[in-house]
Amino acid sequence: MTSELIINAENAVVGRLASVVAKEALLGKKIFIINSEKAVISGNMQNIVNDYKTLRKKGGSSQKGPLLPATVEGLLKRAIRGMLSHKQGRGKTAFQNIKCYAGIPKEFEGKESIGMGKKMSELKTKHGSKLGDIVKLLK
């Protein structure tokens, strides 16, 4: 049993990926997610972008929040955080053991990774958008 997991997020549905990663992190494993920009969010792209933009506008003039990420890695990590009790001890340490990367860093190029995704044609959703495409529309 290894204490480190390298997960390839290519064509993986974000919610399913987040739940698996959260469970493994709670078991004490260090998790590295590569190719975050190739993860898929199911649903209509325009609805997703509009909902996210309205959430970002809710911050108002206050500096308190909501503080929403603007990067691919940040969005994926935020989805994983929603699956953890990140304010309490066990969930906090589990969340600190998760690292997300856009693309494949040099340190993970030759190593074996677990693929979580299916081909886009095999997904049972009618609408699916890559996380990287959504982040480009948010800017």
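Tutor: Glu 73 touches Cys 100, Tyr 101 and Ala 102, residues up to four places away in sequence not being counted; contact means heavy atoms within 4.5 Å. This is a predicted model, in which local features need pLDDT of at least 70 and side-chain atom pairs count only at pLDDT 80 or more, while totals for chains, interfaces and linings use all residues. Residues are numbered from 1 along each chain as its sequence is written, and side-chain values use heavy atoms, with hydrogens and water left out.

Student: Where is Glu 73 found, and how exposed is Glu 73?

Tutor: Glu 73 lies in helix H3, residues 72-81 (helices, H or I, of at least four residues and strands, E, of at least two are DSSP runs, numbered from the N terminus). Glu 73 is partly exposed, at a relative accessible area of 26%; buried means under 20%, exposed over 50%, and partly exposed in between, with a 1.4 Å probe and protein chains only.

Student: Which residues have the most contacts inside the largest nonpolar core?

Tutor: In soluble globular proteins, nonpolar side chains tend to be buried together. Here the largest nonpolar core has 26 residues, and Leu 17, Val 21, Ile 33, Leu 76, Ile 80 and Ile 98 have the most contacts inside it; such a core is a set of buried Ala, Val, Leu, Ile, Met, Phe, Trp, Tyr and Cys residues joined through side-chain atoms within 4.5 Å. Helix H1 gives the most to this core, with six residues.

Student: How many bridges join S1 and S2?

Tutor: Two strands pair if DSSP finds at least two bridges between them, and S1 and S2 pair in the parallel sense over five bridges.
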